[in-house]
Amino acid sequence: MSAPSSKTLANLRGRWKLNKSLSADVASILALQGTSKLIRSAIGSASVTLTISQPNDNEYSIKQTATAAAIPGTTEQYILDNEWRTNKDPFFGEVKGRSRWIGLDEGNGMQDSDERWEDSDGGRLIVAEGGSTDGQWEATRVWGFKKLDGERRWIQSVHVWNKEGEDFRGKMVYDFDSEGN
């Protein structure tokens with residue numbers, strides 16, 4: 001389902017489902033991040049849902065669940081102050097990350113596509129950077145809204161690379177599901 005006009009980066013609250021038919025192959029991203037083939041296969045066959053809460057305009061709590069046996073859910077915190085933070089992730093171990101607001105021009109320059117971001121937040125997008133604390137892999141994600149096949153979608157443009165020099169670029173497309181948890 002397309003994102004209603006009331007949904008902006010300043011108001012992502014609610015449930016969002018990964019649209020696998022419009023998104024990049026999740027297994028390719030996870031492979032660069034060093035996850036096992038078993039986990040990649042399980043997540044590849046699972047339905048992925050994000051439940052987002054926002055304590056304030058610059059802080060996001062994203063609970064990710066996958067409908068597959070034995071795959072633990074994760075919760076990620078994004079505080080848009082450009083400060084590096086570390087935490088322990090059940091899939092990736094010790095990770096670091098930071099996030100911040102950026103301008104549309106900077107965001108458009110951080111993708112391989114000719115698609116342009118929608119200006120739904122006063123000319124701003126969100127960028128989240130992170131990686132493993134041991135330097136095995138790094139990732140950058142730009143968040144925003146775009147029209148795909150005539151429908152407004154929340155998209156994360158993803159760039160992942162690892163220390164072996166492998167690199168992947170793609171997009172994760174989310175369908176709005178509901179306001180509730």
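Which strand do four bridges join to strand β1 (residues 14-18)?

## Strands around β10

The partner is strand β10 (residues 167-178), and β1 and β10 run antiparallel. Strands here are DSSP runs of E with at least two residues, numbered from the N terminus, and two strands pair if DSSP finds at least two bridges between them. Within this pair, Leu18 stands opposite Tyr174 in β10.

Strand β10 also meets strand β9 (residues 151-162): eight bridges join them, and they run antiparallel. Here Tyr174 turns up again, as the bridge partner of Trp154. The hairpin of β9 and β10 has four residues between the strands, and Gly165 takes a positive phi near 90° in this hairpin.

## Two loop residues to look at

Most residues other than glycine have a negative phi. Asn82 has a positive phi, near 65°. You will find Asn82 in the loop between β4 (74-79) and β5 (85-89). Asn82 counts as partly exposed because its relative accessibility is 31%, where partly exposed lies between buried (under 20% relative accessible area) and exposed (over 50%), using a 1.4 Å probe and protein chains only.

Asp149 has a positive phi too, near 50°, and sits in the loop between β8 (137-148) and β9. With 73% relative accessibility, Asp149 counts as exposed.

## About the model

This is a predicted model, in which local features need pLDDT of at least 70, side-chain atom pairs count only at pLDDT 80 or more, and totals for chains, interfaces and linings use all residues. Residues are numbered from 1 along each chain as its sequence is written, and side-chain values use heavy atoms, with hydrogens and water left out.
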